[in-house]
Amino acid sequence: MKPREIVLLVFIILAGVTITLFQSGKLDHLEFWGEDWFQKGEEFSFEEVRTIEPPFPDWLTIDNPRGEVIADKGVEDKVEITWEKKIWAEKEAEAKQLAEEIKLQVTKTASETRVNILLPEKIKRSYRSYFRVSAPASLSVKIDNSHGQVKVSGLNSVSVINAHGQVTLNEINGDVYLHNRHGDVSVTEVTGKTDVSLEHGNGGLFRLRQTAIISGRHADLDLEDIEGKLNLRAEHTSIRGRRIKGPLFISTSHEPVDLNEVGEAEVVNRYGLVRVDSAKGPLSVENRYGTVAVSQLEGSLKVTGKNIRVIGRWISGETVYISSTYDNIELKEFSAKTEIFLRHGDCLLEPATLEPGLSFQGDYASLRLLWPDEERLPAEIRVGQGKIIWRLTEPAATSETNGETALRAFTTGKEPAKIIINNRYGNVIIEKSLADKNKETIFP
């Protein structure tokens, strides 16, 4: 390979790695093209204070193209804005001249008080703007900001659009709308509805009193104490949720979903773990190439997908429905009418009771059923190209026809079977429940 070709190959590889890291959120473009790289000269700071007298419209709107905004609850009879301008210049006289060209404009309409900056094009790169706002608690704020943090506390409804900065919203007595990129988000104590969208950052949302709508990409989300309905749609986002009243819908991919103390729930994941503990209400999970683990569920369970492992324990409800392929199913201490479809996997079932009924349909699968003591329910088992291994002391009638083995137990032949098992190309083992409930799982 010629030297020129080697250099070209290295360049292509580096370009590909850089683009991949940037798109995944692991590399912010500011790390290479951060605006501080372009600053020339010394930093100079200029400050002014602007007071806005009542009457106040419902909204205070702040448009800040470069810098940060911090807004807090203040006195009820005025809005006070402290505005700091930071300018980079070779000399102080030059900085003062530039500062005079940057104007703060405040306009009032019937619906809003608008604060924006008149900024000449020539000094956009050598300038930062910092707002400190003290406002009445009854006022709502809209903030459009970039390249800096936004903090709002103790005010009414809040709308924030931000890029490349952290956003913190606390004690908001109204609705929240937030769109943020390349920065972490923290939203706490919201009495109204919450609508949050974030990319390439972590999010913490706590103590939300009404409906929450959340979307994310390449993020980590931590949710706690959501009293209303939750609708969460994300990609490449891990989700941890605690004490969510619901109903809730969650969709994500390539990262785990971990829920505890939730109500009615529907979860869709791809290539990631779904773990649910202590849930009330029906639970529906769809997954691909991951694991579904459910424990302490009071309600029906539905699990569907391909190449998923299913683990469940302490499930009580009307129905359990599981359909999976190419992995194992393990259910213990469950009491519900159960229907299982499995291809190319092993299944272990240890029910608390079989009274509600059980149906198993397997293909290239094996089943090990640990039969509860003293239950005598009509059972019908059919296995093609495999064996039925009956280890209970009670007798069972068996027959073979054209490579299929059939077994009937606890029946006189008139009542319908409550336990129906059909399997192909695999064994079915029926034996008594284990005395030790914590015994290691061993598939046949």
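Before you start: residues are numbered from 1 along each chain as its sequence is written. As the model is predicted, local features need pLDDT of at least 70 and side-chain atom pairs count only at pLDDT 80 or more, while totals for chains, interfaces and linings use all residues, and side-chain values use heavy atoms, with hydrogens and water left out.

**Exercise 1.** Work out where Ser157 sits, whether Ser157 is buried or exposed, and which residues Ser157 touches.

*Solution.* 
- Start with the loop between β9 (150-153) and β10 (158-163): that's where you'll find Ser157. Strands here are DSSP runs of E, at least two residues, numbered from the N terminus.
- Next, check accessibility. Ser157 comes out at 14% relative accessibility, so Ser157 counts as buried (buried is under 20% relative accessible area, exposed over 50%, partly exposed in between; 1.4 Å probe, protein chains only).
- Last, list the contacts (heavy atoms within 4.5 Å). Leaving out residues up to four places away in sequence, Ser157 touches Trp59, Ser140, Val141, Ile172, Gly174 and Asp175.

**Exercise 2.** Sort the side chains of strand β31 by face, then find which strands pair with β31.

*Solution.* 
- Walk along residues 419-424 and you'll see the side chains alternate.
- Now the pairing, which takes at least two DSSP bridges between two strands. Strand β26 (residues 358-371) runs parallel to β31, joined by six bridges, and Leu358 stands opposite Ile419.
- Strand β27 (residues 379-384) also pairs with β31 in the parallel sense, over six bridges. Here Gly384 has Arg424 as its bridge partner.

**Exercise 3.** Describe the salt bridges of Arg424 and Arg240.

*Solution.* 
- First, the criterion: a side-chain nitrogen of Lys or Arg within 4 Å of a carboxyl oxygen of Asp or Glu. The structure holds 27 such salt bridges.
- Arg424 meets Asp363 at 3.2 Å, N to O. Arg424 is in strand β31 and Asp363 in strand β26, so the pair ties together parts 61 residues apart in sequence.
- Compare the two ends: Arg424 is partly exposed at 41% relative accessibility, whereas Asp363 is buried at 16%.
- Arg240 bridges to Asp222, with the closest N and O atoms 2.5 Å apart. Arg240 lies in strand β16 (residues 230-244) and Asp222 in strand β15 (residues 212-226), 18 residues apart.
- Arg240, at 30% relative accessibility, is partly exposed, and Asp222, at 25%, is partly exposed too.

Methods. Helices (H or I, at least four residues) and strands (E, at least two) are DSSP runs, numbered from the N terminus.
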